[in-house]
Amino acid sequence: RVKFAGSPSQGMATIVGGYSFPFSNRFFLGKAPDTICLDVRDGPYEVPDCAVPVFDGEYHTIIYVAGYSTGTTYVDGNFLFTVAISKSDAEEQIVIGDRPP
């Protein structure tokens with residue numbers, strides 16, 4: 001369960017991300033910039049989905065399931081969306097709650 005305590009105008013906020021130099025965050029699950037929308041990406045950028053306001057100051061359960069070529073996201077037990085993924089590389093480090101400088 002996660003609860004966002006920041007401001008909607010805040011930039012990106014990582015829940016779980018991947019870091020590998022020089023690519024920075026290749027995998028990202030967190031707050032999209034300047035919104036209360038959930039942003040999930042791994043490879044190509046996908047437009048954040050605002051069907052469920054995840055960063056609204058309330059607790060939410062977020063589940064991300066990575067398959068062979070797609071990633072599916074559920075919020076509070078409900079299907080939210082599926083996106084194409086390219087998968088993380090072997091050098092990528094998983095970062096929880098923050099990202100390296």
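Colleague: Why is F55 called buried?
Modeller: F55 has 5% relative accessibility. Buried means under 20% relative accessible area, exposed over 50%, partly exposed in between (1.4 Å probe, protein chains only). So F55 counts as buried. This is a predicted model, where local features need pLDDT of at least 70, side-chain atom pairs count only at pLDDT 80 or more, and totals for chains, interfaces and linings use all residues. Residues are numbered from 1 along each chain as its sequence is written, and side-chain values use heavy atoms, with hydrogens and water left out.

Colleague: What makes F4 buried?
Modeller: Its relative accessible area is 13%. That is under 20%, so F4 is buried.

Colleague: How many aromatic pairs does a search of the whole structure find?
Modeller: It finds 2. In one of them, F4 and F55 have ring centres 5.5 Å apart and planes at 90°. Rings of Phe, Tyr and Trp (its six-membered ring) pair if their centres lie within 6.5 Å; planes under 30 degrees apart count as stacked, over 60 as edge-to-face and the rest as tilted. So F4 and F55 pair edge-to-face. F4 sits in the segment before β1 (13–20), F55 in the loop between β3 and β4, 51 residues apart.

Colleague: Why is the pair of Y74 and F79 edge-to-face?
Modeller: The centres are 6.1 Å apart, within the limit, and the planes stand at 75°, over 60. Therefore the pair is edge-to-face.

Colleague: Is F79 buried or exposed?
Modeller: F79 has 52% relative accessibility, which is over 50%, so F79 counts as exposed. Y74, at 31%, lies in between and is partly exposed.

Colleague: Why does H60 count as buried?
Modeller: Its relative accessibility is 8%, under the 20% cut-off, so H60 is buried. H60 is in the loop between β3 (38–42) and β4. H60 touches R1, V2, P53, V54, V75 and D76, not counting residues up to four places away in sequence; contact means heavy atoms within 4.5 Å.

Colleague: How do you know that β4 pairs with β5?
Modeller: Strands (E, at least two residues) are DSSP runs, numbered from the N terminus. Two of them pair if DSSP finds at least two bridges between them. Here 5 bridges join β4 to β5 (residues 70–75), so the strands pair, and they run antiparallel. I62 stands opposite V75 in β5.

Colleague: Which strands form the open sheet, and in what order?
Modeller: The order is β4-β5-β6, with antiparallel pairing. β4 (62–66) and β6 (78–84) are the edge strands, since each pairs on one side only.

Technical notes
Helix = DSSP H or I, 4+ residues; strand = E, 2+ residues; numbered from the N terminus.
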